[in-house]
Amino acid sequence: MDNVLACDSGILYVPDGVDEASVRRQLLNNFSIEIGAGLGELKGDIWRIGLMGYSCNPKNVITVLSALEQILVKEGAKINEGVAVKAATDHMDKENVLIG
């Protein structure tokens with residue numbers, strides 16, 4: 001299938017020194033994006049992100065990555081800015097997935 005993005009759930013480790021609950025709260029309040037917290041032994045250490053069904057489209061993938069990056073930078077996380085969005089768009093280009 002051309003121009004189709006296959007999505008699944010993803011797990012992201014919370015960067016050192018970042019308040020994971022604050023990031024989730026900011027995603028929800030500022031961008032209307034809801035992601036899951038870690039459960040059990042992983043509580044406070046990971047985020048669970050799922051883009052499935054109708055919400056699994058290139059625009060939403062880029063939006064989630066961009067919003068998360070913006071908040072993490074604001075929170076002082078040591079991340080390589082722009083890497084996630086570039087990797088996602090490069091993959092979409094390679095797979096001939098339309099963004100928009």
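Student: Which residues in α2 meet which residues in α3?

Tutor: Pro-58, Val-61, Ile-62, Leu-65, Ser-66 and Glu-69 in α2 meet Val-83, Ala-84, Val-85, Ala-88, Thr-89 and Met-92 in α3. Contact here means heavy atoms within 4.5 Å. By class, that contact has 9 nonpolar, 2 polar and 1 charged residues. Ala, Val, Leu, Ile, Met, Phe, Trp, Tyr, Cys and Pro count as nonpolar, Asp, Glu, Lys and Arg as charged, and the others, Gly among them, as polar. One caution before we go on: this is a predicted model, where local features need pLDDT of at least 70, side-chain atom pairs count only at pLDDT 80 or more, and totals for chains, interfaces and linings use all residues. Residues are numbered from 1 along each chain as its sequence is written, and side-chain values use heavy atoms, with hydrogens and water left out.

Student: What makes α2 and α3 roughly antiparallel?

Tutor: Look at the angle: α2 (residues 58–74) and α3 (residues 83–94) pack at about 165 degrees, with their axes 9 Å apart. Angles under 35 degrees count as roughly parallel, over 145 as roughly antiparallel, 65 to 115 as roughly perpendicular and the rest as oblique. So α2 and α3 are roughly antiparallel to each other. The way α2 passes α3 is a right-handed crossing.

Student: Why are α1 and α2 called oblique?

Tutor: Their axes come within 10 Å and cross at roughly 125 degrees. That angle falls among "the rest", and α1 and α2 are therefore oblique to each other. The crossing of α1 and α2 is right-handed. On the α1 side, Val-23, Gln-26, Leu-27 and Phe-31 make the contact, and on the α2 side Ala-67, Leu-68, Gln-70, Ile-71, Leu-72 and Lys-74. These divide into 7 nonpolar, 2 polar and 1 charged.

Student: Why does Gln-26 count as buried?

Tutor: Buried means under 20% relative accessible area, exposed over 50%, and partly exposed in between (1.4 Å probe, protein chains only). Gln-26 has a relative accessible area of 11%, so Gln-26 is buried. You'll find Gln-26 in helix α1 (residues 20–31). Leaving out residues up to four places away in sequence, Gln-26 touches Phe-31, Ile-71, Lys-74 and Glu-75.

Student: And why is Leu-98 exposed?

Tutor: Leu-98 has 59% relative accessibility, so Leu-98 counts as exposed. Leu-98 sits in the segment after α3. The C-alpha atoms of Leu-98 and Lys-59 are separated by 9.1 Å, though these residues are 39 residues apart along the chain.

Student: What is the phi of Ser-32, and where is Ser-32?

Tutor: Ser-32 has a positive phi of about 55 degrees although it is not a glycine. Ser-32 lies in the loop between α1 and β2 (36–37). With a relative accessible area of 65%, Ser-32 is exposed.

Student: What makes Asn-96 partly exposed?

Tutor: Asn-96 comes out at 41% relative accessibility, so Asn-96 counts as partly exposed. Asn-96 is in the segment after α3, and Asn-96 has a positive phi of about 60 degrees although it is not a glycine.

Student: Which pattern does the chain follow?

Tutor: Along the sequence, the pattern is β-α-β-β-α-α, with 3 helices and 3 strands in the chain. Helices (H or I, at least four residues) and strands (E, at least two) are DSSP runs, numbered from the N terminus. Of the 100 residues of the chain, 31% count as buried.

Note on methods: Axes fitted to C-alpha atoms, helices over the stretch in contact; angles between N-to-C directions. Left-handed = near helix turned anticlockwise from the far one by under 90°.
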